[in-house]
Amino acid sequence: MKAGDKAKGKRQKTIGAGRKTGGRTGRRCRSRFTLLPFAFCLLPSTLVWAAHPFITDDAGTEGAGNWQLELQAERNHLDRTADAGAGPVQHQRRTTVFNPVLTYGLLENLDVALGLNHVRQRATDNGMVVAESDGMADSTLEIKWRFYEAGDLSLALKPSLLLPTGDANRGLGTGKASWGVNFIATYEAKPWAFDANVAYNHVSYKLLQDADANRADLWLVSGGISYWVRDDLRLVGEAGARTNESRYDPFLPGGTGRFGMVGLIYSPTGKMDFDIGFRKRINDAEVDRVFLLGATFRW
């Protein structure tokens, strides 16, 4: 029996303790970039939520009648110098996202999850504030269906909706509902576990300037790995590539962003996880660095 199975009862194919196999304001800045994709670059390809600190999701489900609450916080940093049209500019952005996600097991192999987002973001050019906003961002509604299990291999599909609960005029949302789908594969060979995702999202924008500045069709390809140091402690890492939502942002150039992450997950019981992580850009289409902190509770 895998670590955590006893504590979770009916929960399906639990990997260790808690890892599941079968889980702008300001017109001045709009002329060069919008903060909208910057706010959502912290969100895994906008619609894809995964077990923190991963972007890569696993094929796990909670089991019928079980609940899970994830409290996730992320802080990112972007420090770039680029020519935005009037000579070189030293540009700095800081974004903090707090994201609680509540998941309920409808069936043994079917979950529904609601994610809320609070975003605080600030951008400066040569030390002067050019954009900032603070408030509720768009929310997510997801269903995860684990449709295949054979030995240590599990496969799942996760359709998602992005709900326009944020203010598009303040760079906190898209202003329209959007949709996506994620294909998930998980393979466990204790003390190792491997996850792979291929996700597609179609994003709609209410404001014409956002639709012009941002891409609507977004892809994510990523892989994650976990190694159990002991039953209550895992080393985790991942790498991936995803579409850069911004078309013209001089400080986030390129069509495809590449990233890597390392972290730790500590599970004192089968019903509780605490995690930390650090995500780093591999190319210029990603923010420089992201600090990750989270806690998960199950009952």
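Guide: Buried residues make up 55% of the chain, which has 299 residues. Buried means under 20% relative accessible area; exposed means over 50%, and partly exposed lies in between (1.4 Å probe, protein chains only).

The model is predicted: local features need pLDDT of at least 70, side-chain atom pairs count only at pLDDT 80 or more, and totals for chains, interfaces and linings use all residues. Residues are numbered from 1 along each chain as its sequence is written, and side-chain values use heavy atoms, with hydrogens and water left out.

The chain holds 4 helices and 16 strands. Both are DSSP runs numbered from the N terminus: helices are H or I with at least four residues, strands are E with at least two.

Now the charges. The structure has 17 salt bridges. A salt bridge here is a side-chain nitrogen of Lys or Arg within 4 Å of a carboxyl oxygen of Asp or Glu.

Start at Lys144. Its salt bridge with Asp57 has the closest N and O atoms 3.4 Å apart. Lys144 sits in strand E8 (residues 139-150) and Asp57 in the loop between H3 and E3, so this pair ties together parts 87 residues apart in sequence. Both Lys144 and Asp57 are buried.

Lys144 also meets Asp58 in a salt bridge, at 3.9 Å from N to O. Asp58 lies in the loop between H3 and E3, while Lys144 is in E8, so this contact ties together parts that are 86 residues apart in sequence. The relative accessible area of Lys144 is 5%. For Asp58 the value is 0%, and Asp58 is buried.

These contacts belong to a wider set. Asp57, Asp58, Glu142, Lys144 and Lys158 are linked in a network of salt bridges.

E8 pairs with strand E5 (residues 110-115) in the antiparallel sense over 6 bridges. Two strands count as paired if DSSP finds at least two bridges between them. Val112 has Ile143 in E8 as its bridge partner. E8 is also joined to strand E9 (residues 153-163), again antiparallel, by 9 bridges. There, Ser139 stands opposite Leu163 in E9. E8 and E9 make a hairpin with 2 residues between them. Gly151, in the turn, has a positive phi of about 65°.

His52 and Pro53 are joined by a cis peptide bond, with omega about 5°. Pro53 is in the loop between helix H3 (36-40) and strand E3 (67-83).

Follow the chain into E3 for another charged pair. Glu74 and Arg279 meet in a salt bridge, at 3.8 Å from N to O. Arg279 lies in strand E15 (residues 272-281) and Glu74 in strand E3, so the pair ties together parts 205 residues apart in sequence. Arg279 and Glu74 are both buried.

Gln72 has Gly294 in E16 as its bridge partner. E15 is joined to E16 by 9 bridges, and these two strands run antiparallel. Ile276 has Leu293 in E16 as its bridge partner.

E6 and E7 run antiparallel and are joined by 8 bridges. Arg120 is partnered by Asp134 in E7. E6 and E7 form a hairpin with 2 residues between them. Asn126 lies in the loop between strand E6 (118-125) and strand E7 (128-136). Asn126 is not a glycine, yet its phi is positive, at about 50°.

The other place is the peptide bond from Lys190 to Pro191. That bond is cis, with omega near 15°. Pro191 is in the loop between strand E10 (178-189) and strand E11 (192-202).
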